[in-house]
Amino acid sequence: DEIPSVSIELPPEALPHLFDGVDAFGRHARVNGDAHFAETIAQLLRHLRPDLGAALSPIFGDILAHRLERGFDTAINNAQNVARNLGANILEYVREEKALVVKRGELENWNLELARLRDDLARLEKRMERISSRA
């Protein structure tokens, strides 16, 4: 029944940024409540680094916990690299191979060409109106 002084909300849109690192994930957190306390909490969240080794140490021992932590860090870094490379490859495939998406420069050139053709068409229509009114 008590109203909390500060609340932290993580919207569903933050989930894809989980593998981008704590900073990218934390930017999506919304901290509400007492302004000074909320700012302190937000600052802590920006600098928060989970210590997986300390959490695993009582279960597996210090050496194995440290190795597991390094393994998880390596796995996360590899997953980030794979996701980044996959995204770049998909984008290149969509842009270059299938031409499903046009580049910004090409779209701007097409818009300029379209505007020029509209102007030409308008001039042609006026010319034809003048010719038909003389006849």
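1. Ile59, Phe60 and Leu64 make it, and its area is about 310 Å². Do keep in mind that this is a predicted model. Phe60 belongs to helix α3, which covers residues 52-60. With a relative accessibility of 44%, Phe60 counts as partly exposed.

2. Glu69 deserves a careful look. This residue sits in helix α4 (residues 62-97). Which side chain of opposite charge is nearest to Glu69, and how far away is it? It is Arg70, at 8.2 Å. A salt bridge here requires a side-chain nitrogen of Lys or Arg within 4 Å of a carboxyl oxygen of Asp or Glu. Glu69 is thus buried but without a salt bridge. Leaving aside residues up to four places away in sequence, Glu69 touches Asp51, Leu52 and Gly53.

3. Now to the charge pairs, where the count is 3 salt bridges. In one of them, Glu113 meets Arg116, with N and O 2.5 Å apart. The two residues are separated by about one helical turn, because they are 3 residues apart in helix α5. Both are partly exposed: Glu113 has a relative accessibility of 36%, and Arg116 has a relative accessible area of 42%.

4. Arg116 also pairs with Asp120, and here the closest N and O atoms are 3.0 Å apart. These residues are again both in helix α5, 4 residues apart, or about one turn of the helix. Asp120 is partly exposed, at 28% relative accessible area.

5. Asp120 has a further salt bridge, to Arg123, at 2.3 Å from N to O. Arg123 and Asp120 are 3 residues apart in helix α5, about one turn. At 48% relative accessible area, Arg123 counts as partly exposed. Through shared partners, the salt bridges join Glu113, Arg116, Asp120 and Arg123 into one network.

6. Finally, a word on positive charge. Which residues gather in a patch of positive charge on the surface? They are Lys126, Arg127, Arg130 and Arg134. Arg130 lies in helix α5, which spans residues 104-134, and is partly exposed at 46% relative accessibility.

How values were computed: Residues are numbered from 1 along each chain as its sequence is written. This is a predicted model: local features need pLDDT of at least 70, side-chain atom pairs count only at pLDDT 80 or more; totals for chains, interfaces and linings use all residues. Side-chain values use heavy atoms; hydrogens and water are left out. Patches are made of residues with over 30% relative accessible area and no salt bridge: like charges are joined within 9 Å, nonpolar side chains (Val, Leu, Ile, Met, Phe, Trp, Tyr) within 5 Å. Accessible areas come from the Shrake-Rupley method with a 1.4 Å probe; for residues, only the protein chains shown count as cover. Lys and Arg count as positive and Asp and Glu as negative; His and the chain ends are not counted. The place of a charge is taken as NZ of Lys, CZ of Arg, CG of Asp or CD of Glu. Buried means under 20% relative accessible area, exposed over 50%, partly exposed in between (1.4 Å probe, protein chains only). Contact means heavy atoms within 4.5 Å.
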